[in-house]
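Open the model in your viewer and show the chain as a cartoon. The tour below goes from selection to selection.

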Amino acid sequence: MEEYLRTDITNDKDVKLLVHAFYDKVRQDEKLGYIFNDFAKVDWDQHLPKMIDFWSNLLFQTGRYKGRPFRQHLPLPIQKNDFGRWLKLFIEAVDEHFLGEKAEYSKEMAAKIAASFSIRMEMEQKF
Ligand code: HEM
């Protein structure tokens, strides 16, 4: 990784690169890949644009995502430590491509939302 080439997340092209880099990792992960591909049978052509909208809204308040994603995770066979795997891959994807305030903010938001999903799942007695 060449340090001087990394810049911040600044536009939609960057968000797209981040989302694609992250889900490339997710798909290759034994446990997370199973949940997305085999259990949920996610249609990636629909999911990736949705996730680009989600992150573009979080980072740049574009208003492009208005959903409430938590409940869609309840039927999934997610275990507590899967959130750690998810977050590790997200942080890796950010750090491999970007460096800057928005990059840091994206990792903070990912950590906060993953923690809140985990707590809410615990409250729903998922684990
Ligand atoms: C172990 C961790 C996670 C797994 C395995 C997971 C898996 C999934 C799957 C399979 C879907 C597709 C559901 C469907 O369309 O039927 C989905 C949707 C989604 N996930 Fe996750 N997810 C995880 C964590 C997170 C986290 C931490 C966030 C937020 C930072 C997030 C944000 C979303 C969003 C925004 C959607 C789209 C919901 C919609 O259709 O509006 N996920 N996730």
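Keep in mind that this is a predicted model.

**Stop 1: the cover over α4.** Select α1 (12-28), α2 (30-39) and α5 (101-123). These helices are among the elements that cover the buried residues of α4.

**Stop 2: α4 itself.** Now select residues 80-97, the span of helix α4. Show side chains for Phe 83, Trp 86, Leu 89, Phe 90, Ala 93 and Val 94, which are buried. Look down the axis: these residues span an arc of only 135 degrees, so they sit on the same side of α4. Turn to the other side of the helix. Lys 80, Asn 81, Gly 84 and Lys 88 are exposed there.

**Stop 3: the core.** Which residues have the most contacts inside the largest nonpolar core? Select Leu 18, Val 19, Phe 22, Phe 90, Ala 93 and Val 94. The core holds 17 residues. Helices α1, α3, α4 and α5 each give two or more residues to this core. The largest share comes from α4, with six residues. Zoom in on Phe 22. Leaving aside residues up to four places away in sequence, Phe 22 touches Leu 89, Phe 90 and Ala 93.

Notes. Residues are numbered from 1 along each chain as its sequence is written. This is a predicted model: local features need pLDDT of at least 70, side-chain atom pairs count only at pLDDT 80 or more; totals for chains, interfaces and linings use all residues. A residue is buried if 20 or more other C-beta atoms lie within 10 Å of its own, exposed if 12 or fewer, and partly exposed in between; C-beta atoms are placed from the backbone. Helices (H or I, at least four residues) and strands (E, at least two) are DSSP runs, numbered from the N terminus. The arc is that of the directions from the helix axis to the C-beta atoms. Two residues are in contact if their C-beta atoms, placed from the backbone, lie within 7 Å. A nonpolar core is a set of buried Ala, Val, Leu, Ile, Met, Phe, Trp, Tyr and Cys residues joined through C-beta atoms within 7 Å.
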